[in-house]
Amino acid sequence: MEIKINKSMLALAEGDITKESTDAIVNAANARLAGGGGVDGAIHRAGGPAIMQECRKIGGCPTGQAVITTGGTLKAKYVIHTVGPRYQDGTKGEALLLKSAYLESLTLASTKNITSIAFPAISTGAYGYPLHEAARIALQTIIEYLKEHQDIQLVRFVLYDHTTYDIFTQELKKLI
Ligand code: ADP
C-alpha cells in the first residue's frame, strides 16, 4: 500500500529492511548501541563490522533519540539508530517516547539531506509495544512530518511479517 502526502510518498511493504536501497534505513537499537537480536542483529550482520565500530565511538543513545552511522556494506548509505521504549503498561511515557524515536530519526535524516528512508516497526518485537497502537503512532508521526517538510521524498515501512504488515495497513486506512 502507498499514499502520497504533498509531494512525498509513504509506502508499506513486507520484507527484510537490510535489503533496502533507500538512502537510509532505521535500526531499532538499544540505548548502549550494543547490537542484539531482531532487526538490530540483522542490520549488523548484513552491514559488516564498520557499523559497530562507529556505534562504539558514539557510545550510546538515550531512549527516544537517534544517531547516525554509515551503512557499511549495506545498499543504504546510512543507518539511523534510534531507541524506542520498552513497553511496560502504557503509563510510563511510552507513546511520547515512541513518537520521539520516529521524529528524531526523520529530523536527523533531514539534516543529512537524506531523501528516502526505511523504518522497521520500532519497539514491537523484543520491546513488546502493542502492535495497533505502535502502528498508529508511527504512521501519525510520519504523516505529520511529511505534511510539514518537503525534503524527504520517500518513507517506506518495511515490515518483517505478514501480521505486522496487515496491522499497519489497517491503521493507515483509518488515518487517510
Ligand atoms: P525492538 O527491540 O525495538 O522491539 P525488534 O528488532 O525486536 O526491536 O523488533 C522490531 C520489529 O522489527 C519487529 O516487528 C521484528 O519482527 C522486526 N524485524 C526483525 N528483523 C527484521 C528485518 N530484517 N527487517 C525488518 N524488520 C525486522
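Which side chain places an N or O atom 2.8 Å from a nitrogen atom of the ligand? In this predicted model, the side chain is that of aspartate 16. Such a polar contact is a pair of N or O atoms within 3.5 Å. A polar backbone atom of glycine 125 lies 2.8 Å from a ligand oxygen atom. For alanine 126, a backbone N or O atom is 2.8 Å from an oxygen atom of the ligand. The protein buries 90% of the 570 Å² that the ligand exposes when taken alone (Shrake-Rupley method, 1.4 Å probe).

The ligand is surrounded by 16 residues, a residue being near if one of its heavy atoms lies within 4 Å. Asp16, Val39, Ser123, Gly125 and Ala126 are the closest. By class, nine residues of the shell are nonpolar, five polar and two charged; Gly counts as polar. Helix α1 (residues 38–47) gives the largest share of the shell, three residues.

The protein has five helices and seven strands, taken as DSSP runs (helices H or I, at least four residues; strands E, at least two). Their order from the N terminus is β-β-β-α-α-β-β-α-β-α-β-α. The radius of gyration is 15 Å, close to the 16 Å given by the globule rule for 176 residues, so the protein is as compact as a globular protein of that length. The radius is taken over C-alpha atoms, and the rule is 2.2 Å times the number of residues to the power 0.38.

Residues are numbered from 1 along each chain as its sequence is written, and side-chain values use heavy atoms, without hydrogens and water. As the model is predicted, local features need pLDDT of at least 70 and side-chain atom pairs count only at pLDDT 80 or more, while totals for chains, interfaces and linings use all residues.

Note on methods
Polar contact = N/O pair within 3.5 Å; in protein donor to acceptor, adjacent residues only side chain to side chain.
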